[in-house]
Number of protein chains: 4
Amino acid sequence: MNDQLHIGGKAFESRLFVGTGKFADHKQMKEAIEQSRSEVVTVALRRVDIRKPDEHILNDIPQDVTLMPNTSGARSAEEAIRIARLAKASGMGNWIKIEVISDQKYLLPDNEETTRATEVLAKEGFVVLPYMSPDLMAAKRMQEAGAAAIMPLGAPIGSNRGIRMKEMIQIMIDEMELPIIVDAGIGKPSEAAEAMEMGASAVLVNTAIATADNPVEMAKAFDLAVKAGRLAYLSGLGPTSMRANASSPLTGFLK
Amino acid sequence: MNDQLHIGGKAFESRLFVGTGKFADHKQMKEAIEQSRSEVVTVALRRVDIRKPDEHILNDIPQDVTLMPNTSGARSAEEAIRIARLAKASGMGNWIKIEVISDQKYLLPDNEETTRATEVLAKEGFVVLPYMSPDLMAAKRMQEAGAAAIMPLGAPIGSNRGIRMKEMIQIMIDEMELPIIVDAGIGKPSEAAEAMEMGASAVLVNTAIATADNPVEMAKAFDLAVKAGRLAYLSGLGPTSMRANASSPLTGFLK
Amino acid sequence: MNDQLHIGGKAFESRLFVGTGKFADHKQMKEAIEQSRSEVVTVALRRVDIRKPDEHILNDIPQDVTLMPNTSGARSAEEAIRIARLAKASGMGNWIKIEVISDQKYLLPDNEETTRATEVLAKEGFVVLPYMSPDLMAAKRMQEAGAAAIMPLGAPIGSNRGIRMKEMIQIMIDEMELPIIVDAGIGKPSEAAEAMEMGASAVLVNTAIATADNPVEMAKAFDLAVKAGRLAYLSGLGPTSMRANASSPLTGFLK
Amino acid sequence: MNDQLHIGGKAFESRLFVGTGKFADHKQMKEAIEQSRSEVVTVALRRVDIRKPDEHILNDIPQDVTLMPNTSGARSAEEAIRIARLAKASGMGNWIKIEVISDQKYLLPDNEETTRATEVLAKEGFVVLPYMSPDLMAAKRMQEAGAAAIMPLGAPIGSNRGIRMKEMIQIMIDEMELPIIVDAGIGKPSEAAEAMEMGASAVLVNTAIATADNPVEMAKAFDLAVKAGRLAYLSGLGPTSMRANASSPLTGFLK
């Protein structure tokens, strides 16, 4: 089955994107990324010490993945735009995940500022993936602004609480043409599988892998779960019913 | 990682048990079983035409799996016992999944009759796996009666409604020594993964595979999901929190 | 609207049963019972010091309610039967709520022992209300044994976790003729209302009232919620839909 | 207990707002409003035939309620503003519920346009209550724009699906100073009670009342449920726990 994910002119086999925060060390991060088989990896530009290219985190990210720097730390469209340009100038490519966050408790994204940044950066040739609070109309605006995919949060970042905003994410999946990538909140492989069964194009996982007792094995688990969910989506899930439906014949056996 | 499931003196790599009902034909069933990589397959004795060994369903079940005939159609302990003995006499081995059902609408098992049948058959040397309505005290009785594993339903048979009895199943997993195998109700790979993350020892899936648009591919999806859920359980899921927890550093970047 | 609950030859206006445990003192308990407008109150015989009739808890339970002593502390049918007889002999009437619990962690009832006690006590003329782990077939056995109503748990006693066993309780409500009274687990008035909307005949609440910051006001809240849920059930809830349905006209206004 | 809701300089006893759509006729609507004891009633200006004051819907809305005309039918801020002014000019007062909807399938509000309309109308002296897609940052913008309260949807209008966006609505309740009024989606009294237990300041219900078999009785049920939920919120809900907590003493009774 040929089932690639296409974003920004690239084609991917894996539908699991991973983040690089919260790992014990670079070695563990590297192994986890490898075992996740992820082809898109996000990294906060803040972590990259541009002045010391020999020491920085990028050296420990596998070379064959697509780097998706994020604008973590930005509190406005302007700051996000500056960070994006800085990332590009540093040789990190033209992909950018926009995060604009001014709420420090729940780390919720600001959809309006995010849309503004998306518009500017898309015009400059970036492949823009906005992180957003699930909202169909805001997602449509980001699409008009040139987004390459939409990344709604399932629950607050790092909460491991699952896809709490399912209602709106399902509507977005059903109504939008752009790939919908569920980002933030996914705490278990079963939740990643569920997002894929709903029809999400991909998921991004970081905390759930990095804070597991065994992050490297957990990365494998997420790889399998995302594949399972995608395959289920493509294979057409059976109908649910309120009553029972016998799997085995029930009557008359011993008559 | 050595992580085998041990039941009735056998060891299994796969923790996905599958059923044989509702497939379009034997060929599809066979392929689905193969792709599921399942090592335990349940079949209603009723389906097996004992008089015509050349034609029956058993010919299309892979030879290397453990056959688990079930007593589907039994409405009492006595009927279940008769069916079990018949299965054994027909050369189907000494494993038996006990189903005693008198409710024809929701097909809910009768825990008391099931326990009675378990006791008789365990004494006769059967490896007994009782299908039951989730209830810790009933499960303990089945354990005392000699059950080799306990198979609580997640939701009514064939409903594809998921693990609706989660509360009690989690308690059973936490409190029982015997393997807990979630049977009935699982409609999606994500739900199978969830059962495994909860600590179930295995899951049994039939309707969700057989009624998918593509049962063979769906069987693969369940195989992956069960592996994902088991691996996640073994890898130690991270904690959930009400608030957000930054994956990426948030402050001071552009100062 | 005449909508009384009939059990054991009595008719009740209120469908909220309350318990007497965990209150700060008898005065608070008494006020809470009064404000709950409950007409059926359960009390553990253990709390009643039979030798000192002047001091015991019964003096602080309003005179006009039906007393439903419970067999809390019983670990077998025999113990439950003894407690029931003792309660009757002490002048507490012929109602009895059977609790047979041997699991000390989750306090889950033992359906088989409970059914046995039900049978003996119903024959002796008790109005028997068995507390049970939700299970349709076990409930049918209790009905045959002479139960006057069935009291399935929503979640473990005192957990305030809500109606976690909804799937099976709904089936019991739909399939049984006897009144179904949801007992244990209800932690919020909204959950009591939900039980009533599902078609439960009544609910029993104790911990959620007694452990509130203000138990007397919380008792009022539960009274209102139970009335609301019952009224909603009788008024025929409207259908749910996946899509939106305009409440107000949407098109052409400003054309 | 003095527990009034204050909005736009007015104080209300009832925290149930009701809508006027979908009733069988004006007589039924009038009775339902009366029985709901609601003090704030929303009406689509579109329904009001301004040229024929003798015949219009306003004659059947109780005189003592606060009228909250809504801008249903508006697809942009400009249209909403025009409708609001028209409502005021027609003598319907200075309250306005802003609805700006361009999505015709799920009828989801457009937060950006809604914020723009809020700003203009608040400056003109309107008491503005924006209907919105739950999003903390958008709500903060509406607050800055002069909103008097925020009305997030629980689920799509008329779906009767309950509070599906609970995660974000709870965050809004916790983080915002303005009253949060849950609007749209509430299908059952238990769900209205739940919104109030979460700390919502009020709920708006229309479809669930109007499409009940008996809308007048259902209006009563919602009145009771909202009071129950509010009272529970004020009375301090007890803690939930994973384990059981005995309501009655468990040990040693028969020793």
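In what follows, Ala, Val, Leu, Ile, Met, Phe, Trp, Tyr, Cys and Pro count as nonpolar, Asp, Glu, Lys and Arg as charged, and the others, Gly among them, as polar. With that classification, the lining of the second largest pocket in this predicted model comprises 13 charged, six nonpolar and two polar residues.

**Second largest pocket**

- The space in the second largest pocket amounts to about 510 Å³, and of the 21 residues that line this pocket, C:Asp3, C:Glu13, C:Lys227, C:Leu231 and D:Leu224 are the closest to its centre.
- Two or more lining residues come from each of helix 8 (215-235) of chain C, helix 1 (26-36) of chain D and helix 8 (215-235) of chain D, and the most are given by helix 8 of chain C, which contributes six residues.

- A:Gly158 is found in the loop between strand 8 (151-152) and helix 5 (166-175) of chain A, and A:Gly158 counts as buried because its relative accessible area is 10%, where the cut-off for buried is under 20%.
- Leaving aside residues up to four places away in sequence, A:Gly158 touches A:Lys22 and A:Thr207 as well as B:Ser241 and B:Asn245.
- A:Asn206 lies in the loop between strand 10 (202-205) and helix 7 (207-210) of chain A, and A:Asn206 is likewise buried, with a relative accessible area of 10%.

**Helix 4 of chain D**

- Helix 4 of chain D covers residues 136-144, and its buried residues are D:Leu136, D:Met137, D:Ala138, D:Ala139 and D:Met142.
- These buried residues of helix 4 pack against helix 3 (111-123), strand 7 (127-132) and helix 5 (166-175), which belong to chain D.
- At the start of helix 4 of chain D, a side-chain oxygen of D:Asp135 comes to within 3.1 Å of the backbone nitrogen of D:Met137, while the helix is followed by D:Gly146, whose phi is positive, near 105°.

**Chain pairs without contact**

- Chain A and chain C do not touch, and their nearest C-alpha atoms are 9 Å apart.
- No contact joins chain B and chain D, and the closest C-alpha atoms of these chains lie 9 Å apart.

How values were computed. Residues are numbered from 1 along each chain as its sequence is written. Chains are lettered from A and ligands numbered from 1 in the order in which they are written. This is a predicted model: local features need pLDDT of at least 70, side-chain atom pairs count only at pLDDT 80 or more; totals for chains, interfaces and linings use all residues. Side-chain values use heavy atoms; hydrogens and water are left out. Contact means heavy atoms within 4.5 Å. On a 1 Å grid over the protein atoms alone, a cavity is a set of points where a 1.4 Å probe fits but cannot get out, and a pocket is an open set with protein on both sides within 12 Å along at least five of seven lines; lining residues have an atom within 4 Å of a point. Grid points are joined across faces, edges and corners, and a volume is the space filled by probe spheres set on the points. Helices (H or I, at least four residues) and strands (E, at least two) are DSSP runs, numbered from the N terminus. Buried means under 20% relative accessible area, exposed over 50%, partly exposed in between (1.4 Å probe, protein chains only). A polar contact is a pair of N or O atoms within 3.5 Å; within protein, one must be able to donate a hydrogen and the other to accept it, and residues adjacent in sequence count only if both atoms are side-chain atoms.
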